[in-house]
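Have a look along with me while I jot down what I look up.

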Amino acid sequence: AFALLPDPAASKLPLADAAAVLAGPAGAVVISIAAVFSCAGSMSATMLVAPRLFYALGASGDLPRPLGAVHEKRNTPFVAIAFLGTVAWLLAVTGTFEYLISLFVIIRVVTYGTVSAALIRLRLRDGPAPVTVPGGNVIAVAALLCVVAVTLTTSWLAVWHVAIALAVGLAVRAVTRFVSARRVSVRRNSS
């Protein structure tokens with residue numbers, strides 16, 4: 001888009017306009033359809049994976065236990081799905097598309113960054129993985145640098161809101177673990 005359009009920021013449909021320059025009106029239609037399928041695939045994957053992250057954190061005791069509940073018949077994390085669906089709906093009706101994209105990008109790259117950091121930490125703690133990738137630590141550090149670069153190019157308001165959400169999440173985790181440890185302590189003392 002940057003190479004084909006004189007001012008991509010002024011275009012309402014930069015991908016379609018770039019495709020139209022490159023391949024005519026048919027190219028614009030094809031790229032628009034491809035963009036719709038790409039977005040639908042990404043959203044489907046997010047809605048499939050994200051609730052399972054909350055489910056795993058609920059089941060492990062890092063977030064409130066109800067998030068780890070599984071439906072009796074369907075064997076799905078229905079509470080985590082409902083929670084994330086509600087949060088997504090609230091964000092959709094209260095934010096602009098550009099703001100939501102900024103949030104989505106930051107959250108996704110922070111997730112990638114934590115996985116990269118975990119890889120480095122686990123290799124230091126446990127040694128090489130059973131199946132090693134040559135230069136794994138270098139790749140993980142490069143990924144962390146990319147996370148920083150992408151974060152620096154997004155809206156600072158969105159970064160601030162993600163930081164607040166992360167702080168709230170960490171506080172919920174701390175309270176959940178404290179309450180859980182206290183319950184275990186009370187049970188031990190009463191028996």
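Which residues line the second largest pocket? I found Gly61, Leu63, Pro64, Arg65, Pro66, Thr176, Val179, Ser180, Arg183, Val184 and Arg187. A note before I go on: this is a predicted model, where local features need pLDDT of at least 70 and side-chain atom pairs count only at pLDDT 80 or more, while totals for chains, interfaces and linings use all residues. Residues are numbered from 1 along each chain as its sequence is written, and side-chain values use heavy atoms, with hydrogens and water left out.

**Pocket.** I looked up the space in the second largest pocket and got about 160 Å³. A pocket here is an open set of points on a 1 Å grid over the protein atoms alone, where a 1.4 Å probe fits, with protein on both sides within 12 Å along at least five of seven lines; lining residues have an atom within 4 Å of a point. The volume is the space filled by probe spheres set on the points, which are joined across faces, edges and corners. I sorted the lining into five nonpolar, three polar and three charged residues; Gly counts as polar, and Pro as nonpolar.

**Helix α5.** Helices are DSSP runs (H or I, at least four residues), numbered from the N terminus. I checked the 35 residues of α5 (residues 156–190): at 1.5 Å a residue they should span 51 Å, and the end C-alpha atoms are 50 Å apart, which agrees. The expected span is 1.5 Å times one less than the number of residues. I noted Ala158, Val159, Val162 and Thr176 as the buried residues of α5. Buried means under 20% relative accessible area, exposed over 50%, and partly exposed in between (1.4 Å probe, protein chains only). These buried residues pack against α3 (97–126) and α4 (136–152).

**Phe104.** I found Phe104 in helix α3. Phe104 counts as partly exposed because its relative accessibility is 29%. Leaving out residues up to four places away in sequence, Phe104 touches Ser42 and Thr46 (contact means heavy atoms within 4.5 Å).

**Asn75.** Asn75 is not a glycine, yet has a positive phi of about 60°. Most residues other than glycine have a negative phi. Is Asn75 buried or exposed? At 61% relative accessibility, Asn75 counts as exposed.

Key
Helix = DSSP H or I, 4+ residues; strand = E, 2+ residues; numbered from the N terminus.
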